[in-house]
Amino acid sequence: MFAVWFAWNISILGISYGIFVFSLGLNVWQTIIAGTIGYLASSALVGILAVGGPRTGLPTLTQTRFAFGIKGNRIPAFFAYLSNMGWKVTIITLASTTGAKLFAELWPSAFADTDGSSATFTIVLWFVLVLAVTMTVSVLGHELIMKLEVWISWVTGIMTVAFLGFVVPQIRWTHLGDTPAGGPLVFVGGIVMAMTLVGLGFLNYGGDFARYLPRNTPARGVIGWTTAGLSLPVVTLLVIGALLVGGDPKLGAATASDPIGALTALLPMWFFVPFSIVIVISLVSAAITGMYSSGLALMAVGVPLRRSVTTMINAIIIAAGAFYLLFISTSFLATFQSFLSLIAVMMGTMGGIQLVDFIRQRRAGWNTDMANPRGHGGRDGRWTAIVSLIIGTVVGLGLVTSADPNLGDITGFLLTESGRTGVFASSGLGIVIAMVLGAALYGILTFGLRLDPRPDYSLVAAGDAARGEGRPQSPAPDAADSPAADSTEH
């Protein structure tokens with residue numbers, strides 16, 4: 001568990017995340033403390049949800065059928081699909097801008113504008129190249145990328161450590177106290193933003209890797225090693241990012257428009273070139289894996305298309321999103337923050353409901369029949385969870401704001417005009433409120449009012465009756481042999 005999560009999160013982007021948290025209006029030490037709290041808290045949530053993996057043998061988005069029902073589960077599955085797609089847009093955008101900057105530095109007369117920045121046609125060239133490679137390999141050569149993934153992760157990690165050796169000496173220690181401290185709500189905003197940058201984006205993946213562990217694996221081990229693997233690399237890189245931007249505030253503005261290019265600009269040319277190539281390769285490999293997973297997620301939502309067709313649909317959507325981020329959005333950071341807030345409201349509410357439902361699942365002996373179709377132990381939908389998810393999500397969207405004006409129409413509708421520009425809105429507290437509200441409402445309906453539809457074995461019982469048998473006394477088969485495990489394997 002530690003190795004899987006650590007490899008996913010050892011990346012130069014972790015330094016940019018620290019700079020993003022600082023940009024909210026915190027000083028260096030507030031950034032480090034708030035970011036660490038946010039990373040640890042959200043990573044622990046992923047770890048807790050991961051416990052359901054070994055207990056049931058099911059991936060998280062199949063296990064959520066326990067709470068939402070097999071058809072009702074399409075709602076959180078669609079939210080997870082949107083989250084996956086948004087991250088792929090971000091990854092392809094960063095790969096395109098990193099490749100374009102490499103060309104602009106190596107051949108400025110051909111690929112750079114007069115101010116030294118990447119020319120628009122260079123960015124377009126890399127955008128088309130990255131998207132074409134991602135689409136082609138996703139359909140034809142995904143297995144190759146999966147074999148290379150481990151090596152790519154190792155090389156990326158080693159190069160990132162080497163990168164730290166170049167940038168740490170550039171920290172301007174004497175200027176770290178120049179930035180004034182932010183207020184309490186700004187500090188809370190730093191915690192919430194850190195949660196959205198890391199843990200909340202992984203809530204729908206928590207059990208996907210842990211499900212291969214033995215059923216009786218201690219929960220404390222699953223939670224502890226998942227939390228450590230997720231948080232250790234990003235906390236370390238957070239500190240570096242905070243120290244860098246604290247000594248050089250101009251770095252914050254540069255990172256807001258080009259999160260990777262602003263940092264690679266600190267490198268000597270002889271290391272900048274291979275490091276940029278490694279970054280592009282690692283981002284493209286992540287995009288390829290994500291494109292493949294997006295196709296599976298779309299099928300999990302219930303779209304009856306071949307995987308090659310869903311991959312093509314995903315490519316078109318991702319191309320449109322990346323085009324927006326590259327050529328329409330006026331600020332990468334503003335659009336990125338808006339995306340994080342929207343996804344965190346949806347996925348956070350789902351995660352809160354799933355955490356509460358763990359109580360019910362544990363009492364039922366982690367009966368995997370509840371993930372089966374209606375009449376075979378499961379249900380089409382459980383309205384208690386669906387209503388809680390909808391209410392929590394709507395309230396959360398109404399209490400957060402979007403830094404991207406084009407996304408502002410679907411947020412902040414529960415706030416006054418002054419509230420939209422106030423500290424409460426910018427702090428992202430609406431995300432936490434959505435999570436707590438969804439979980440609390442589901443808990444009240446399920447345990448307080450006892451509105452808890454039981455597993456439905458009506459079709460099993462009818463079939464057994466026709467054969468002169470009774471309903472099986474034992475609950476579900478082992479998770480590995482359950483139809484639920486086979487039906488949405490991904």
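Buried here means under 20% relative accessible area, exposed means over 50%, and partly exposed is anything in between (1.4 Å probe, protein chains only). What you're looking at is a predicted model, where local features need pLDDT of at least 70 and side-chain atom pairs count only at pLDDT 80 or more, while totals for chains, interfaces and linings use all residues. Residues are numbered from 1 along each chain as its sequence is written, and side-chain values use heavy atoms, with hydrogens and water left out.

View A. Helices (H or I, at least four residues) and strands (E, at least two) are DSSP runs, numbered from the N terminus. Of the 490 residues, 56% count as buried. Take the contacts (heavy atoms within 4.5 Å) with a separation of 6 or more: 83% of them come from residues 24 or more positions apart.

**View B. Helix 2 (residues 13–22) packs on helix 13 (residues 219–247).** The angle is about 55° and the axes sit 7 Å apart, so helix 2 is oblique to helix 13. Axes are lines fitted to C-alpha atoms, for helices over the stretch in contact, with angles running from 0 to 180 degrees between N-to-C directions; under 35 degrees is roughly parallel, over 145 roughly antiparallel, 65 to 115 roughly perpendicular, and the rest oblique. On the helix 2 side, look for Gly-14, Ile-15, Gly-18, Ile-19 and Phe-22; helix 13 brings Leu-237, Leu-238, Ile-240, Gly-241, Leu-244, Val-245 and Gly-246.

**View C. Ile-15, Tyr-39, Phe-163, Leu-197 and Phe-336 touch the most other members of the largest nonpolar core.** A nonpolar core is a set of buried Ala, Val, Leu, Ile, Met, Phe, Trp, Tyr and Cys residues joined through side-chain atoms within 4.5 Å. Zoom in on Leu-197: setting aside neighbours within four places in sequence, Leu-197 contacts Tyr-17, Val-21, Tyr-39, Trp-87, Phe-336 and Leu-340.

**View D. Trp-366 has a positive phi without being a glycine.** The phi is about 55°. You'll find Trp-366 in the loop between helix 18 and helix 19 (383–399). With a relative accessible area of 13%, Trp-366 is buried.

**View E. Arg-450 is another non-glycine residue with a positive phi, about 55°.** Look in the loop between helix 22 (429–448) and helix 23 (458–466). Arg-450 counts as exposed, at 69% relative accessibility.
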